[in-house]
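Open the model in your viewer and keep the selection tool ready. This tour goes stop by stop.

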Amino acid sequence: MSAELQDPRFTDETAAREALEAVVWPNGPVCPHCGNVDQAKIAKLTTKSARPGLRYCNECKGQFTATVGTVFERSKLPLTKWWLAMHLIGSSKKGISSHQLHRMLGISYKSTWFMMHRIREAMRTGGLAPMGGEGEIVEIDETFIGRKEGTPKAKAGFGHKNAVLSLVQRGGSVRSFHVDSTKKADIMPIIEKNIAKETHVMTDEAIQYRKLRNKFAKHDAVDHGRDEWGYTDRRSGTKINTNTIEGYYSIFKRGMKGVYQHCGEQHLHRYLSEFDFRYNNRSALGVEDWERVSKIAAGITGKRLTYRRPDEGAHA
Ligand SMILES: [Zn+2]
């Protein structure tokens, strides 16, 4: 780690900017105002008064840098600190707290808090093709975390907690969703939209999953209520369990409790993006540290964020 921290992206603002341009513009600068990609009509402004990295578009006469129109827009923080923050978030399995990052980066807690949410937004993926497919297994499960705002501590049940639905492909990726409830009406549209019909799905015995066999190639369930944690299908040799998704939830929960000490309900989806991203870009899938960080950096485009200041409302 210490040798890595000497990387020019963390220490040299010009190197940091050029590295960011390389991932945001893999085929050369793109004008965010008019979409012009003709490199002959984009010039680098090098006058003394020009901001470093400033480009001029001959098509629309507009000016831009690599961060215009991204989640880094309007940030006054040096890009070296953005790279360091992306690196630390990308490589910390259970996440990293705003307080710790604030001390490590030497910037204010508020700035760090905003920075982290922008990085989580960069980690968000969306509009993906369905997961699973023929011969693939997707485990489906739900978990509960935190308490819904304005609800008193309930004596039993999960009605007062925030519900999360996750779909995990064995040997592949995860997708998590903050859902209103685990009732069929809230989860079935997500399940059907995100999992290919040819998939073998596995769940526990919960009542909302009973009719899944009508929607997918195969559905098996383990009965956790009877202390059944899994079995092997004798004919196919397939292991029937939801161990993969339970492993994922254990990392998520340890991170949310231990590192983030829970979060406001309105931010839960962002934390899910963070944990999903790390799982989907883990070294077991062949994604190493710098590649993971570059993927976060590439994700800053095409997203817009507006935030209340952290002192104006609940935050984590
Ligand atoms: Zn333009």
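## Start with the whole chain

The protein chain has nine helices and ten strands. Keep in mind that this is a predicted model. Show the C-alpha atoms alone. They fill a box of roughly 75 × 45 × 40 Å, taken along the principal axes. Now color by burial. Of the 316 residues in the chain, 33% are buried. Next, think about contacts between residues at least 6 apart in sequence. Of these, 58% join residues at least 24 apart.

## Stop 1

Nine residues of domain 1 are in contact with nine residues of domain 2. On the domain 1 side, the touching residues divide into two nonpolar, three polar and four charged.

## Stop 2: α4 against α5

Two packed helices are described by the angle between their axes and the distance between the axes. Select helix α4, residues 98–105, and helix α5, residues 109–123. They pack at an angle of about 115°, and their axes are 9 Å apart. Angles of 65 to 115 degrees count as roughly perpendicular, so α4 is roughly perpendicular to α5. The crossing of α4 past α5 is right-handed.

Show the side chains here. From α4, pick S98, H99, L101, H102 and L105. They meet Y109, T112, W113 and M116 of α5. By class, this contact has five nonpolar residues, four polar and no charged.

## Stop 3: α5 against α8

Which residues of α5 and α8 make the contact? From α5, select H117, R120, E121 and M123. From α8, select R270, Y271, S273, E274 and F277. The contact holds three nonpolar, two polar and four charged residues.

## Stop 4: A196 in its loop

Jump to A196. This residue is in the loop between α6 (184–194) and β7 (200–204). Leave out residues up to four places away in sequence, and A196 touches P130, M131, G132 and G133. Now draw a distance line from A196 to I107. The two are 89 residues apart along the chain, and their C-alpha atoms are separated by 45 Å.

## Stop 5

Most residues other than glycine have a negative phi. Go and find two with a positive value.

Select K61. It lies in the loop between β2 (55–57) and β3 (63–64). K61 is not a glycine, yet its phi is positive, about 65°. K61 is exposed, with 9 other C-beta atoms within 10 Å.

Now select R74, in the loop between β3 and α3 (79–91). Its phi is near 70°, again positive in a residue other than glycine. R74 is exposed, with 8 other C-beta atoms within 10 Å.

How values were computed. Residues are numbered from 1 along each chain as its sequence is written. This is a predicted model: local features need pLDDT of at least 70, side-chain atom pairs count only at pLDDT 80 or more; totals for chains, interfaces and linings use all residues. Helices (H or I, at least four residues) and strands (E, at least two) are DSSP runs, numbered from the N terminus. A residue is buried if 20 or more other C-beta atoms lie within 10 Å of its own, exposed if 12 or fewer, and partly exposed in between; C-beta atoms are placed from the backbone. Two residues are in contact if their C-beta atoms, placed from the backbone, lie within 7 Å. Ala, Val, Leu, Ile, Met, Phe, Trp, Tyr, Cys and Pro count as nonpolar, Asp, Glu, Lys and Arg as charged, and the others, Gly among them, as polar. Axes are lines fitted to C-alpha atoms, for helices over the stretch in contact, and angles run from 0 to 180 degrees between N-to-C directions. Angles under 35 degrees count as roughly parallel, over 145 as roughly antiparallel, 65 to 115 as roughly perpendicular and the rest as oblique. A crossing is left-handed if the near helix is turned anticlockwise from the far one by less than a right angle, and right-handed if clockwise.
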